[in-house]
Amino acid sequence: MPWSAIESRLSDRPNHGREPGFDADLPRVDPPPGDGGDSPAWSRKRQPYQPPPIPSPPRSGGVRYAELHCHSNFSFLDGASHPEELVEEAVALGLEALALTDHDGFYGIVRFAEAARELGLPTVFGAELTMAEPGSASRHVRSHLVVLARDPVGYAQLGRAITTGQLAGEKGAPRLCLQELAEIATGPEGCHWLVLTGCRQGAVPHALVDDGPAAAARKLAELVEVFGRDNVAVELWDHGDPLDSARNDAMAELGLRVGVEAVATNNVHYHAPRRRPLATAMAAVNGRCSLDEIDGRLPAAGLAHLRSGAEQARWFARYPGVVERSAEYADDCAFDLALVAPELPPFPCPPGHDEMSWLRQLAEEGAARRYGSRGAERVPGAYAQIDHELDLIEKLGFPGYFLVVWDIVEFCRRSDILCQGRGSAANSAVCYALGITNADAVALGLLFERFLSPERDGPPDIDIDIESGRREEAIQYVYDTYGRWHT
């Protein structure tokens, strides 16, 4: 039986393609049609999220709770639920907010944020970072650290930390040390993170189990020294393992001794108990072993799912306040992803010019070559269209974007590298004047609004094809000109 059939069956979802080995009497779900976009071939584009009907959440008994440690299936072979499924279950349970903390990346953030926005669920954005242990050159000696962004500044800092680890390591094994994290988190903006001690692979709980309370206290003190006492929390979670209660007792006592608050999570890996079979199968695939062989290494019960505030209050009754504290932290950290709007680096314009004035001059010079002088244009209406497009580009704040694309095309032209703009950019007279495209949008009567309009969200899509044999030269030019951090 192929994996696609296994995954569909264990996820309680019908199999799209009726793979061999799958029940033939299950309903067939046809694949979505092509989206008809600008790509050379038809593609399957993810459609806007449509929320299902969700029943009113059960009464939580007045217990406020937000899940702050949660993995989606973008944590490869570790999470077993889609971001949308996690959001829907969190709403059904009446959670105050939900954090997504996939391993070493923001992979599922957009899908998570879109679903949460539709359902009115506050969102917290984070990641579980893979940390290299000091003095270790091995990819196997590592620990985990859960980092939550308190605001868009913290989100940007966390993005830089993720990139630092990915660039320093290799695929599937990023490398990031605590000192590098400290330099990122304690820059001019200060620390905008909430750091949790994490799962059993976290440095603090791992030291506690392997080396005892004194070693764990030293690891926790390191985190406090780097991030500040108010930005660190001891994480308590319980999946029903016999050691979980003893570890939580020791962790809570450790937090009191060091002066750090404790907070409850459930270290979530799937949205509901029924998804445990898929999580178990994925664990076996990840461990390259059979289900029988993996059984002894997994928790005895399927408890790594989202829980309501009332259920968490029962699990953590011996630690007063740790469940409610999760909601307080979420109040401090939740924000909408729309607030994260990174800007391009400033384009190096000649003296006396800003980005818009320089773009206008380049467009004017290019129009003279393409259409003739202003007032004697070879194509009626060309300059009027260019002026209209430039005014809209200025209004929407995209002159730097056009200049960057023009600069890359100019490099290719100077270097005799074949390149060609295509797709909806061909509808722009400005792109034609700048030499980005070679289709005369005005003479052909093409609709500019298909390329750029006030109703579009974000910058327009300018696709540039570059000959494959010399594409690397263009990539290296971008690195050298704008720097790896802006690429």
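Helices and strands are DSSP runs numbered from the N terminus, with at least four residues (H or I) for a helix and at least two (E) for a strand. The model is a predicted one. In these terms, D104 lies in the loop between β1 (98–100) and α3. D104 is not a glycine, yet its phi is positive, about 55°. For background, most residues other than glycine have a negative phi. With a relative accessibility of 10%, D104 counts as buried.

A positive phi also occurs at D416, about 60°, and D416 is not a glycine either. D416 sits in the loop between α15 (399–414) and β7 (419–422). Is D416 buried or exposed? Its relative accessible area is 61%, so D416 is exposed.

Helix α3 (residues 109–119) packs against helix α2 (residues 83–93), at an angle of about 30° and with the axes 8 Å apart. Because angles under 35 degrees count as roughly parallel, α2 is roughly parallel to α3. The crossing of α2 past α3 is right-handed. On α2 the contact is made by P83, E84, V87, E88 and V91, and on α3 by R111, F112, A115, A116 and L119. Seven of the contact residues are nonpolar, three are charged and none is polar.

Turning to the cysteines, a disulfide requires a pair of cysteine sulfur atoms within 2.5 Å. By this rule the count is zero disulfides. For C412, which is in no disulfide, the nearest cysteine sulfur is that of C419, 4.3 Å away. C412 is buried, with a relative accessible area of 0%. C431 is buried, with a relative accessible area of 0%.

Notes:
Residues numbered from 1 in each chain as written. Predicted model: local features only at pLDDT ≥ 70, side-chain atom pairs only at ≥ 80, totals over all residues. Heavy atoms only, no water. Buried < 20%, exposed > 50% of the residue type's maximum accessible area, 1.4 Å probe, protein only. Axes fitted to C-alpha atoms, helices over the stretch in contact; angles between N-to-C directions. Parallel < 35°, antiparallel > 145°, perpendicular 65-115°, else oblique. Left-handed = near helix turned anticlockwise from the far one by under 90°. Contact = heavy atoms within 4.5 Å. Nonpolar A, V, L, I, M, F, W, Y, C, P; charged D, E, K, R; others polar.
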